[in-house]
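Please consult the sequence and structure shown below while reading.

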Amino acid sequence: MASEMEMFRLTGPSFLTAVDWNNSHHRRSIGASLVQGVYSLEHDRQQNRQGPQALAPPWWEFFNFRLVEILVDNHDVSHFGAIFEFINFPFYPHQSSISTGLRPPQYVIAFRGTLNKQDFKLNLHLVMNDLQNSSRLQIGLDAARRIVQHVGPANVWLAGHSLGSSLALVVGRDMVKHHGLRLETYLFNPPFASPPIERLTNDKIKLGLRLANSVLTAGLAAAVNYASAHKNKDEEGDDDPFVVLSTWIPYLFINPSDPICAEYVGYFKHREEMESIGAGKIGRLATKHSIGSILSSAAGKKDCEAVHLLPSAYLTVNATPFKGLKEAHGIEQWWRQDLQLDYKYYQHN
């Protein structure tokens, strides 16, 4: 039996009858809706809902998109992602969007989060910093490269929620690092592989724990000569992956009541705090690494950068009160009209 959450007419952002692509709330709502469309695609598959019974199509058709490809997991044939094409691109009715240069994407590649057993296995890979070796990532990378080669990076969005946002994040990073291309990217509740210090209420304790973690991380990085591979221990060069990635600025959507992603708030804030107390060098070195990635590098593992670490981001924090984890982590929060949002732009220098 279908839940209300799957029915666009009951829970979707049907209030967006006239989309303004200049409006960040509209763009965020559409990105989240397309991700929900991927969730519904998998539910339709599991429950054999086809034709008029399928609940997924309204999640993209309402916004003038069509489904052009489903991304299928090689192991369990589940639908974990999809490619959507904007109909009649580049002809659209909003003159305000034309005048400022903002326009709808020609294609959106969207990834859903956890629903089944294979998803939980990938969550383990994420914790172990091994998502790069998953077949889903390779499928996502192949899709992005094909679409970008066809229409160019300016016409392609990436979007994902939870586990799916980690996939979108790694795909986006790969496009920057290996192709020099920066895709507009929407990351909803991306997992941060660290204890959720941000949920503590005492600011002094939070600062102390993060300071201790930064000192430990920076010390380990220096001890195993991890940072020296990118030039010098405290110096950044043009070939430093963190520097290369710094010009890619994804949209990051975080709920501080969600322990899965909440630490992103403290991660960016702590960088500023380390500078303010004169510990900028330690902070910068710690920001680029995690203890897990350092140990993996020391063990000889290649391509072991922690996938949750970002140099730059447009951070949106949802300060709206939520009842529990399920609501705070849900994709549906990001198209609500009654949100209390805080915004901060972080650029790694």
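## Aromatic pairs

Tryptophan 21 is buried, as its relative accessible area is 2%; buried denotes under 20% relative accessible area, exposed over 50%, and partly exposed the range in between (1.4 Å probe, protein chains only). The model is predicted: local features need pLDDT of at least 70, side-chain atom pairs count only at pLDDT 80 or more, and totals for chains, interfaces and linings use all residues. Residues are numbered from 1 along each chain as its sequence is written, and side-chain values use heavy atoms, without hydrogens and water.

The structure holds 24 aromatic pairs. Rings of Phe, Tyr and Trp (its six-membered ring) pair if their centres lie within 6.5 Å; planes under 30 degrees apart are stacked, over 60 edge-to-face, and the rest tilted. Tryptophan 21 and tryptophan 157 form an edge-to-face pair, 5.9 Å centre to centre with 70° between the planes. This pair links distant parts of the chain, 136 residues apart: tryptophan 21 is in the loop between α1 (8–11) and α2 (24–46), and tryptophan 157 is in strand β4. Helices (H or I, at least four residues) and strands (E, at least two) are DSSP runs, numbered from the N terminus. Tryptophan 157 is also buried, at 3% relative accessibility.

The rings of phenylalanine 188 and tryptophan 334 form a tilted pair, with centres 6.3 Å apart and planes at 40°. Phenylalanine 188 belongs to strand β5 (residues 184–188) and tryptophan 334 to the loop between α13 (325–329) and β8 (341–346), so the pair ties together parts 146 residues apart in sequence. Relative accessibility is 0% for phenylalanine 188 and 0% for tryptophan 334. Ring pairs link a cluster that includes Trp21, Trp157, Phe188 and Trp334.

Strand β3 (residues 107–111) is mostly covered, with 5 of its 5 residues buried. Tyr107, Ile109 and Phe111 point one way from the strand, and Val108 and Ala110 the other way.

Two strands pair if DSSP finds at least two bridges between them. Strand β2 (residues 79–86) pairs with β3 in the antiparallel sense over 5 bridges, and alanine 82 stands opposite alanine 110. Strand β4 (residues 156–161) pairs with β3 in the parallel sense over 5 bridges; here tyrosine 107 stands opposite valine 156.

## Helix α6

The buried residues of α6 include Arg136, Leu137 and Val151. Just after α6, glycine 152 takes a positive phi of about 90°.
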